[in-house]
Amino acid sequence: MENADDPRREPAPAGVAVSGNFRFETLARVTPSGNGDEACFYRRKTISEAQRDGLISFGDISEVTLQAIMAAAAAIRPPAAWPNVCRRTARLVPGGRKRLDLFGGALRTVLGSLSDDDVERVFLQWWEGLHRRRMAMIGEFVRGGPVRFSLTGREHLEAAAARGTGAILWASHFAAQTLPGKRGLFEAGFPAYQVSSLHHGFRHTWFSEKYLNPLLVRAENRYLAGRLTFVREEAGMLVRKVMRLLDSGAYVIFTNNLFAGHSFVEMPIGTAGFVSMSTTPIALALRAKVPLMCMSTIEREPLAQYEIRISEDLTAEKNAAAGQRQTERHDYPTMARIAFRARDELLADVKKAPDQFLDWPSLAGPIIGPSR
């Protein structure tokens, strides 16, 4: 396999960077009026496919053991005791502490100066949250206890339903979004279609994708209207399926992370961090003239109470002005304004629950970087 970091390779041309398995090409830089921050639009191209993590790994064995312990505890202990079970299993699996430095660096980059004690406290809460994320799945197959949801922004979903236009829900990557977020929408009467990766789950070896990850998919599918699996070679087909669903008035969830996609926008976030977001949800919302709403699911009481928040339509102003006119294919200033609104929504939620956000390392520094 070609080594993307080989110094003997020819240097990339201006506006192009190579890192790991990807080639990044800058498409446009925009600074919307009234906003001093720059949005950098770029395209990501795979130059060498990432290797799967193997047939089976020690991590798979640890995962099976962990889930078996949780399942046994869930079968004999009442749901009220499950958070304490997760606290204990988090202490039994100390490997997460190896991530503390990377986690802390990203946390400080976005949120500013924090003491070492504060960073460690947030990290330990985050590590326990990853265990509760698994317990939420296990509870679906053992004997789940009562779960309460509050839904803020119901009126935005109802307005989309009244128009019959469908809507895109751009879900921030919080731990509770994985299963409780979908369940909360379903129980509130808004079942949605989820766009997800072919490799959706906790691990990515052959064994985990064959035997472990399907458990999570089965648990989630109970609360979805359907699932659209993203395969890189069939991106155009996926877009057509999403457009048909939106035309039929459906809700479609995109997770706001970097796991899949070709085109992205990078923006500053917080004190000195950077965030990249796929531009696909923005482009689809403008093209179909449907609402684009940010969605966040925050755990308020461990494994028992969750707050789901749906933002206002990020594209309302543009879609109203466009009317029946065709939206420009690459209206970067408009897309930047929408992306900055999504960034502000994300930052507000991250500040409320920093221990529940899954993508801290990705915010530590830029992929493309600001213009010189």
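Trainee: What should I know about the numbering and the model, and how many helices and strands does the protein chain have?
Mentor: Residues are numbered from 1 along each chain as its sequence is written, and side-chain values use heavy atoms, with hydrogens and water left out. Because this is a predicted model, local features need pLDDT of at least 70 and side-chain atom pairs count only at pLDDT 80 or more, while totals for chains, interfaces and linings use all residues. Helices (H or I, at least four residues) and strands (E, at least two) are DSSP runs, numbered from the N terminus. Counted in that way, the secondary structure comes to 11 helices and 12 strands.

Trainee: What percentage of the 372 residues in the protein chain is buried?
Mentor: A residue is called buried under 20% relative accessible area, exposed over 50%, and partly exposed in between, with a 1.4 Å probe and protein chains only. By that rule, the buried share of the 372 residues is 49%.

Trainee: Among contacts with a separation of 6 or more, what share comes from residues 24 or more positions apart?
Mentor: Contact means heavy atoms within 4.5 Å. Of the contacts in the protein chain with a separation of 6 or more, the share from residues 24 or more positions apart is 74%.

Trainee: Is helix 1 parallel or oblique to helix 4?
Mentor: Axes are lines fitted to C-alpha atoms, for helices over the stretch in contact, and angles run from 0 to 180 degrees between N-to-C directions. Angles under 35 degrees count as roughly parallel, over 145 as roughly antiparallel, 65 to 115 as roughly perpendicular and the rest as oblique. Helix 1 (residues 58–76) and helix 4 (residues 116–141) have axes 10 Å apart and pack at an angle of about 60°. That angle makes the relation of helix 1 to helix 4 oblique.

Trainee: How many nonpolar residues are in the contact of helix 1 with helix 4?
Mentor: Helix 1 contributes Glu 63, Leu 66, Gln 67, Met 70, Ala 71 and Ala 74, and helix 4 contributes His 131, Arg 134, Met 135, Met 137 and Ile 138. Ala, Val, Leu, Ile, Met, Phe, Trp, Tyr, Cys and Pro count as nonpolar, Asp, Glu, Lys and Arg as charged, and the others, Gly among them, as polar. Sorted by class, the contact has two charged residues, two polar ones and, as the number you asked for, nonpolar residues numbering seven.

Trainee: Which residues touch the most other members of the largest nonpolar core?
Mentor: A nonpolar core is a set of buried Ala, Val, Leu, Ile, Met, Phe, Trp, Tyr and Cys residues joined through side-chain atoms within 4.5 Å. Of the 61 residues in this core, those touching the most other members are Val 242 and Trp 360. The largest share of the core, 10 residues, comes from helix 11 (residues 332–352). Leaving aside neighbours within four places in sequence, the contacts of Trp 360 include Phe 103 and Leu 107 of helix 3, and the residues you asked for are again Val 242 and Trp 360.

Trainee: How far apart in space are Arg 143 and Ile 76?
Mentor: Arg 143 is in the loop between helix 4 and strand 4 (148–152), and is partly exposed at a relative accessible area of 37%. Arg 143 and Ile 76 are 67 residues apart in sequence, whereas in space, C-alpha to C-alpha, their separation is 9.9 Å.

Trainee: Is Leu 303 buried or exposed?
Mentor: Leu 303 lies in the loop between strand 11 and strand 12 (305–310), and has a positive phi near 60° although the residue is not glycine. Most residues other than glycine have a negative phi. With a relative accessibility of 13%, Leu 303 counts as buried.

Trainee: How many of the eight residues of helix 6 are buried?
Mentor: In helix 6 (residues 180–187), the buried residues are Pro 180, Gly 181, Lys 182, Arg 183, Gly 184 and Leu 185. Helix 6 is largely enclosed by the rest of the structure, because the number of its eight residues that are buried is six.
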